[in-house]
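Here is a short briefing on one protein chain. Read it with the model open.

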Amino acid sequence: MSALNAHDGGAGITTPVDLRSDTVTRPTQEMYEAMRAAPIGDDGLDFDPSVRALEEGVAGLLGKEQGLFVPSCTMANLLAVLAQTGRSEQVLLESTAHMFTSERGAATFTGLFYLGVRGQRGAMNLNEAEDALKGGTHKLHTGLLAMETSHNNAGGTVPALDHMAAVYRMAESRGVPVHLDGARLFNAAVALGVAAEEMAASADTVSVCLSKGLSAPVGAVLVGPSATLARARRLRRMLGGTQRQAGIMAAAGLYAVQNMVTRLSDDHRHALMLSTQINQLGLAISASQPQTNIVQVDISKTGLDSLTWVDNLERAGLRVRPWGADRLRCVTHRHIDDDDIHRAVQCFRAVLKTGPDA
């Protein structure tokens, strides 16, 4: 039984299975030891040696010149935007991308316009993207194009490498830099069976999150060309993102990227197990077929909205997140094992039995 979802036999209490996000993962004992033993300095003054090791390590892993350690992937994405655009330009994204649906509040102080184009399973429509890139008298100039993999709102889908390459060539031909929101980049690479560097090749800058499936406690890394990263480093200070003895956290992140990537396939297997077993419950609910570790559950035919489902499932012993009015999101991670998946399915079965049509 997993550490976070174990039965407490003495108290007769069972800890809920937590599928809200892979951000609930906690560091491994090896990460704690790496944090304890990390050589540290003042990263705002003369660099922190453990931070530098993380930045160089991730940059090398993704085939880029430099890296920058930041508190969150949201900040990494924002820095990528700010470092590569000018005011009154537009940022082009697939219309359900996380940067568009959840992070474009940054446009309120960047002086930029975020433009979403239609997509399918997280892959933007190439014709619409090309039309937006053309610009013209009555159109804003595109300062940056951004892609995402794995794609959160599309249920953890992974756009094909040839699609990403086509988008990159299209943007490059017009002198537009490309950013890749790779918060779950390593999940995507594992799903396709390729090195993460192959995916990063279709972008000028790439962000990766350390605190999701990789289980580090906090942080993200932005990688890209030296000149771009120099601008991003200056902007990080302006945003209050400079940290001092940050090597304590960076050491955990370095351990994560070096040791936690291959085990992500376990999370993908558990997601597929969850999807398969939910779909065996009947026609009232249906689960997406996951490529990675995210499963979306359509509950539109049950007569209960997503918030009611979340409440009912939590009372039954399962924690999930609402994803719109008629959909739930479940994310598997290191603290979930086979028994937890079976428990989660039992919770779905129990709520179905007590629904309005039961």
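The model is predicted. Start at Thr-302: a polar atom of its side chain lies 3.3 Å from the backbone nitrogen of Leu-304. The notes below begin with that loop, then turn to the whole chain, the cores, the rings and some local backbone features.

- Thr-302 sits in the loop that runs between strand E14 (294-298) and helix H13 (306-316).
- Thr-302 counts as buried because its relative accessibility is 8%, under the 20% limit.
- The side chain of Thr-302 also makes a polar contact of 2.9 Å with the side chain of Trp-309.

**The aromatic pair**

- How many aromatic pairs does the model hold? The count comes to one.
- That pair is Trp-309 with Phe-348; the geometry is tilted, with 5.9 Å centre to centre and 35° between the planes.
- Trp-309 belongs to helix H13 and Phe-348 to helix H14 (residues 338-353), so the pair ties together parts 39 residues apart in sequence.
- Both Trp-309 and Phe-348 are buried.

**Whole chain**

- The chain contains 14 helices and 17 strands.
- Its radius of gyration is 21 Å, close to the 21 Å from the globule rule for 358 residues, so the chain is as compact as a globular protein of that length.
- The C-alpha trace spans about 60 × 55 × 35 Å along its principal axes.
- Buried residues make up 53% of the 358 in the chain.
- Take the contacts between residues at least 6 apart in sequence: 71% of them join residues at least 24 apart.

**Nonpolar cores**

- In soluble globular proteins, nonpolar side chains tend to be buried together.
- The largest nonpolar core here has 49 residues. Leu-62, Leu-145 and Val-206 have the most contacts inside that core.
- Another core, of 26 residues, lies apart from the largest one; Leu-19, Ile-285, Leu-304 and Leu-328 are among its members.
- Leu-62 touches Leu-185, Ala-196, Glu-197, Ala-200, Val-206, Val-208 and Val-223, with residues up to four places away in sequence not counted.

**Charges over rings**

- The charged end of Arg-52 sits over the ring of Phe-47, 4.3 Å from the ring centre.
- Arg-104 lies over the face of Phe-100, with 4.2 Å to the ring centre.

**Buried residues in helices**

- Thr-110 lies in helix H5 (residues 107-110). Its relative accessible area is 5%, so Thr-110 is buried.
- The side chain of Thr-110 reaches the backbone nitrogen of Leu-112 at 3.3 Å.
- Beyond its neighbours within four places in sequence, Thr-110 contacts Leu-78, Leu-82 and Arg-87.
- Ala-250 lies in helix H11 (residues 247-259). With a relative accessible area of 0%, Ala-250 is buried.
- Ala-250 touches Ser-50, Val-51, Leu-54 and Phe-69, leaving out residues up to four places away in sequence.
- Ala-250 and Gly-44 are 206 residues apart in sequence, and their C-alpha atoms are 14 Å apart in space.

**Asp-326**

- Asp-326 is in the loop between strand E16 (321-322) and strand E17 (327-331).
- Is Asp-326 buried or partly exposed? Asp-326 counts as partly exposed, because its relative accessibility is 37%.
- Asp-326 and Asp-305 are 21 residues apart along the chain, yet their C-alpha atoms are separated by 5.6 Å.
- Asp-326 touches Val-297, Asp-298, Ile-299, Ser-300 and Ser-306, with residues up to four places away in sequence set aside.

**Backbone features in loops**

- The peptide bond from Thr-149 to Ser-150 is cis, with omega near -10°. Ser-150 lies in the loop between strand E9 (142-148) and helix H7 (161-173).
- Phe-47 is not a glycine, but its phi is positive, near 80°. Phe-47 is found in the loop between helix H1 (29-37) and helix H2 (49-61), and is partly exposed at a relative accessible area of 34%.
- Ser-88 also has a positive phi, of about 70°, without being a glycine. Ser-88 lies in the loop between helix H3 (73-84) and strand E5 (90-94), and counts as exposed at 52% relative accessibility.

Key. Residues numbered from 1 in each chain as written. Heavy atoms only, no water. Helix = DSSP H or I, 4+ residues; strand = E, 2+ residues; numbered from the N terminus. Buried < 20%, exposed > 50% of the residue type's maximum accessible area, 1.4 Å probe, protein only. Polar contact = N/O pair within 3.5 Å; in protein donor to acceptor, adjacent residues only side chain to side chain. Core = buried A, V, L, I, M, F, W, Y, C linked by side-chain atoms within 4.5 Å. Contact = heavy atoms within 4.5 Å. Phe/Tyr/Trp six-rings, centres within 6.5 Å; stacked < 30°, edge-to-face > 60°. Lys NZ or Arg CZ within 6 Å of the ring centre and 35° of its normal. Rg over C-alpha atoms; globule rule 2.2 N^0.38 Å.
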